[in-house]
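This briefing walks through one protein model, topic by topic, for a reader who has the sequence and the coordinates to hand. Please keep the structure open while reading the points below.

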Amino acid sequence: MSKAISLPFSFDANGSIANTDDQKKIIQDRVVLVVMTLIGERVMRPNFGTYTRRTTFENYETAMSLVTQEITSEIGRAHV
């Protein structure tokens with residue numbers, strides 16, 4: 001069972017960084033991280049992220065198709 005830093009970043013009652021071992025929460029946090037990171041935004045990992053922000057003014061069908069494609073492609077790289 002894996003353990004990860006709980007997002008949003010916080011401290012627990014003991015003053016330590018809050019962790020979670022809830023697999024559903026860990027996967028959810030990783031997907032959100034991928035979606036909210038623009039490609040080129042991370043200096044040491046310039047290929048990490050998606051261009052989902054570019055779909056802001058697209059119609060619903062186009063936006064959903066592009067977002068699904070971006071997320072599937074990025075998750076498929078298996079480096080989250």
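Threonine 37, leaving aside its neighbours within four places in sequence, is in contact (heavy atoms within 4.5 Å) with Arg42, Phe48, Gly49 and Thr50. The model is a predicted one, in which local features need pLDDT of at least 70 and side-chain atom pairs count only at pLDDT 80 or more, while totals for chains, interfaces and linings use all residues. Residues are numbered from 1 along each chain as its sequence is written, and side-chain values use heavy atoms, with hydrogens and water left out.

**Threonine 37**

- Threonine 37 lies in the loop between helix H1 (23-36) and H2, where helices (H or I, at least four residues) and strands (E, at least two) are DSSP runs numbered from the N terminus.
- With a relative accessibility of 6%, threonine 37 counts as buried, given that buried means under 20% relative accessible area, exposed over 50% and partly exposed in between (1.4 Å probe, protein chains only).
- A polar atom of the threonine 37 side chain lies 2.7 Å from the backbone oxygen of leucine 33; a polar contact is a pair of N or O atoms within 3.5 Å, of which, within protein, one must be able to donate a hydrogen and the other to accept it, and residues adjacent in sequence count only if both atoms are side-chain atoms.

**Overall form**

- The protein has two helices and two strands, and these follow the pattern β-β-α-α when read along the sequence.
- The radius of gyration (taken over C-alpha atoms) is 15 Å, whereas a compact globule of 80 residues would have a value near 12 Å, by the rule of 2.2 Å times the number of residues to the power 0.38.
- Along the principal axes, the C-alpha atoms fill a box of roughly 45 × 25 × 25 Å, and 19% of the 80 residues count as buried.

- Threonine 20, in strand E2 (residues 19-20), is buried at a relative accessible area of 14%, and a polar atom of its side chain lies 3.2 Å from the backbone nitrogen of aspartate 22.
- Not counting residues up to four places away in sequence, threonine 20 touches Ser2, Lys3, Ala4, Ser6, Lys25 and Ile26.
- Isoleucine 17 lies in the loop between E1 and E2 and is partly exposed at 36% relative accessibility; its contacts, leaving aside neighbours within four places in sequence, are Ile5, Phe9, Ser10, Phe11 and Asp12.

**Aromatic rings**

- The structure holds one aromatic pair. The rings of phenylalanine 9 and phenylalanine 11 have centres 5.4 Å apart and planes at 80°, so the pair is edge-to-face; rings of Phe, Tyr and Trp (its six-membered ring) pair if their centres lie within 6.5 Å, with planes under 30 degrees apart counting as stacked, over 60 as edge-to-face and the rest as tilted.
- Phenylalanine 11 counts as exposed, at 56% relative accessibility.

**Helix H2**

- The 17 residues of helix H2 (residues 60-76) should span 24 Å at 1.5 Å a residue, and the end C-alpha atoms are 24 Å apart, which agrees; the expected span is 1.5 Å times one less than the number of residues.
- At the start of H2, a side-chain oxygen of asparagine 59 comes within 3.3 Å of the backbone nitrogen of glutamate 61.
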